[in-house]
Amino acid sequence: GELSRDEFAQRFAARSTELGHSLPPSLFFDLAEKQQVRQDVVAAIKQIRANGLRTAAITNNWEPPKMAFGSASHGISKEAFAGLFDVYVESYKEGINKPDDRLYKTALKSLGLHPHECIFLDDLGANLKTARALGIHTIKVGIRNHKPAFIKLQNLLGFPL
């Protein structure tokens, strides 16, 4: 089933409490709206696909989102962002959030790949831990500086981004 904004907020609050934090869901929604797509990330995704590799995104989103990043005035639409990938797994459609391994398994099945053939990038350790447990190569992306993750990804792929 689908995951509403309220359900997402409840799960977000419960998960942050589990991890020893008290983060209001409104903080997450505010950050999501202010987040902007990084053009070098878009270019990297296009370069990966141009080299014949398949790509997937696994989102933690809620209700049918109109914007993948930011607001209508300075973001990218969900359709435009989803179009960058071969596979786009949306948590709200699946009714579960990362780090639930079913999202990762859905992406793997849709890609037609085995875990050891994939690389997963994320900024949250819990999401990376799940991917690693499935046998997926993982790279932690720094929130403030994603360049080291790019270097690690280039090394694994064997071509520049």
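Trainee: Which strand holds Asp122?
Mentor: This is a predicted model: local features need pLDDT of at least 70, side-chain atom pairs count only at pLDDT 80 or more, and totals for chains, interfaces and linings use all residues. Residues are numbered from 1 along each chain as its sequence is written, and side-chain values use heavy atoms, leaving out hydrogens and water. Strands (E, at least two residues) and helices (H or I, at least four) are DSSP runs, numbered from the N terminus. Asp122 is found in strand E5.

Trainee: Buried or exposed: which is Asp122?
Mentor: Buried means under 20% relative accessible area, exposed over 50%, partly exposed in between (1.4 Å probe, protein chains only). Asp122 has 7%, so Asp122 is buried.

Trainee: Which side chain joins that of Asp122 in a polar contact?
Mentor: A polar contact is a pair of N or O atoms within 3.5 Å; within protein, one must be able to donate a hydrogen and the other to accept it, and residues adjacent in sequence count only if both atoms are side-chain atoms. At 3.0 Å, the partner of Asp122 is Lys98.

Trainee: What do the buried residues of H8 pack against?
Mentor: Those residues are Ala149, Phe150 and Leu153. They fall within an arc of 100 degrees, seen down the axis of H8, so they line one face of the helix. The arc uses directions from the helix axis to the C-beta atoms. With heavy atoms within 4.5 Å counting as contact, they pack against H3, strand E5 (119-122) and strand E6 (137-140).
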